[in-house]
Amino acid sequence: MITGFQNIGRIPELKRRIGMTLLLLAVYRIGAHIPTPGINNEALAAFFRAAQGTLLGLFDMFSGGALSQLSVFALGIMPYISASIILQLLTVVIPTLERLSKEGEAGRKKITQYTRYGTVVLAIIQGFGIAFGLEGMSGPGGEMVVLFPGWGFRITTVITLTAGTAFIMWLGEQITEHGIGNGISLIIYAGIVAGLPNALINTLRLTKTGEMSIFLTLILLIFMVAVVGVIIFAERGQRRIPVQYAKRVVGRRIYGGQNTHIPLKINTAGVIPPIFASSIIMFPATVANFIHVPWVQSVAKSLTPGHWLYSVMYVAFIVFFCFFYTAIVFNPVDVADNMKKYGGFIPGIRPGRPTADYIDKVLSRITLGGAIYISAVCVLPTILIQRFNVPFYFGGTALLIVIGVAMDTLGQIEAHMLSRHYEGFLKQGRVRGRR
């Protein structure tokens, strides 16, 4: 691995791409500390300390603390992610979008353009929601969060936050095009990792003051390393279905006759299920911060992390979205039709409908295993925080995103090195999925 990092400096293009990526991420982190005008930052920080465990806390984690400071990047990249997911769902039900998705590069550019428009619309809507919500917020001492309420503040806030989201979207696209890795994923990664130093400092402070024993700290460290290993193992796990192609004679040439496989990932849906599940369950807890009605407060309390009802619904939604999103991104019927078109078949399975049914059966089984794995990882934060008083968000969606993005980025760096005949991070072979 040390040799692999040394080889990066020997490839000018790769070195330039990594430098561009780091520069753009630094610009993003600087912008996360530029405040939106007209805000009482101390009152806002006190309000967010009381809103931990709600949807606001989740979005604040993704934005790297920009939401709790209400910086110009307070909305983060979440409007873009929401617009992308909405476009993917609409592609399944709207024939026009489905045709665009199958038109190659031109169709993808058109869908990307629609995603940008959707991002701006969602950012404007969320900006107005935040502006109106801030005007009704107050700190523990009764001090108002907004210094000068009114339409002047609302319009300024909407323009500022929408422009910030559009700029982040542009940064992500520049990273993808001129840097290394997926720009949007790296921006989320940078926001989550930005909270790591404070978490480590708080852990050391609690250890020094005796609130956490040294033995418990060591156990948690070992446990963290073990969980990271399990996530890497599962994210690289694949179920490979063997495929054979019959020989075909076209003119004087013979095509086919080769053996290959269909790689089915254990976690096909990625981090979409926990993000959707968290957003849906935490929505009542978020609304309860603005509605001071006893029964609303009671319902919201039962749907916050630590309550048994929250854990049960969280796992149920994760399982549901794992199957739902996998069904959207992977269609066994299309795979079976393409195999039949080019003379491919699974040994022992007839082409056509039987092949689609077999692939669907295998995919359903491994998706269930992947849903159980994601659920186990995502309930870790609740167990650690409630039982062991861990002072940071360990596990869950954040850990899946951090590890997944890091693995994908390292895989792209290694691909650049191997394509230029340099040794990668692994001495033998490359970063690849497990069978």
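**Rings, cores and a helix pair**

Tutor: One aromatic cluster is formed by Tyr28, Phe73, Phe167 and Trp170. The model is a predicted one. Aromatic pairs in the structure number 9.

Student: What makes the aromatic pair of phenylalanine 317 and phenylalanine 321 count as stacked?

Tutor: Two values decide this. The ring centres lie 6.3 Å apart, and rings pair if their centres lie within 6.5 Å. The planes are at 20 degrees, and planes under 30 degrees apart count as stacked. The pair is therefore a stacked one. Both residues belong to helix 15 (residues 308-329), with 4 residues, or about one turn of the helix, between their positions.

Student: Why is phenylalanine 317 assigned to its accessibility class?

Tutor: Its relative accessibility is 24%. Buried requires a value under 20% and exposed a value over 50%, with partly exposed in between, so phenylalanine 317 counts as partly exposed.

Student: Is phenylalanine 321 buried or exposed, and why?

Tutor: Phenylalanine 321 has 9% relative accessibility. The limit for buried is under 20%, so phenylalanine 321 is buried. Across the protein, 42% of the 435 residues are buried.

Student: Why is the charged end of arginine 154 said to sit over the ring of tryptophan 151?

Tutor: The charged end of arginine 154 is 4.7 Å from the centre of that ring. The distance criterion is within 6 Å of the ring centre, and a position within 35 degrees of the ring normal is also needed.

Student: How do you know which element gives the largest share of the largest nonpolar core?

Tutor: That core has 28 residues, and Tyr28, Ile77, Ile81 and Ile187 have the most contacts inside it. Among the elements giving two or more residues to the core are helix 2 (12-31), helix 6 (78-93) and helix 9. The largest share, 6 residues, comes from helix 10. Isoleucine 81 touches Ile184 and Ile188, leaving aside residues up to four places away in sequence.

Student: How do helix 9 and helix 10 meet, and what classes of residue make the contact?

Tutor: The axes of helix 9 (residues 151-178) and helix 10 (residues 183-193) come within 7 Å and cross at roughly 120 degrees. Ile168, Leu171, Gly172, Ile175 and Thr176 of helix 9 meet Gly183, Ile184, Leu186 and Ile187 of helix 10. The contact comprises 6 nonpolar, 3 polar and no charged residues.

Notes. Residues are numbered from 1 along each chain as its sequence is written. This is a predicted model: local features need pLDDT of at least 70, side-chain atom pairs count only at pLDDT 80 or more; totals for chains, interfaces and linings use all residues. Side-chain values use heavy atoms; hydrogens and water are left out. Axes are lines fitted to C-alpha atoms, for helices over the stretch in contact, and angles run from 0 to 180 degrees between N-to-C directions. Contact means heavy atoms within 4.5 Å. Ala, Val, Leu, Ile, Met, Phe, Trp, Tyr, Cys and Pro count as nonpolar, Asp, Glu, Lys and Arg as charged, and the others, Gly among them, as polar. A nonpolar core is a set of buried Ala, Val, Leu, Ile, Met, Phe, Trp, Tyr and Cys residues joined through side-chain atoms within 4.5 Å. Buried means under 20% relative accessible area, exposed over 50%, partly exposed in between (1.4 Å probe, protein chains only). Rings of Phe, Tyr and Trp (its six-membered ring) pair if their centres lie within 6.5 Å; planes under 30 degrees apart count as stacked, over 60 as edge-to-face and the rest as tilted.
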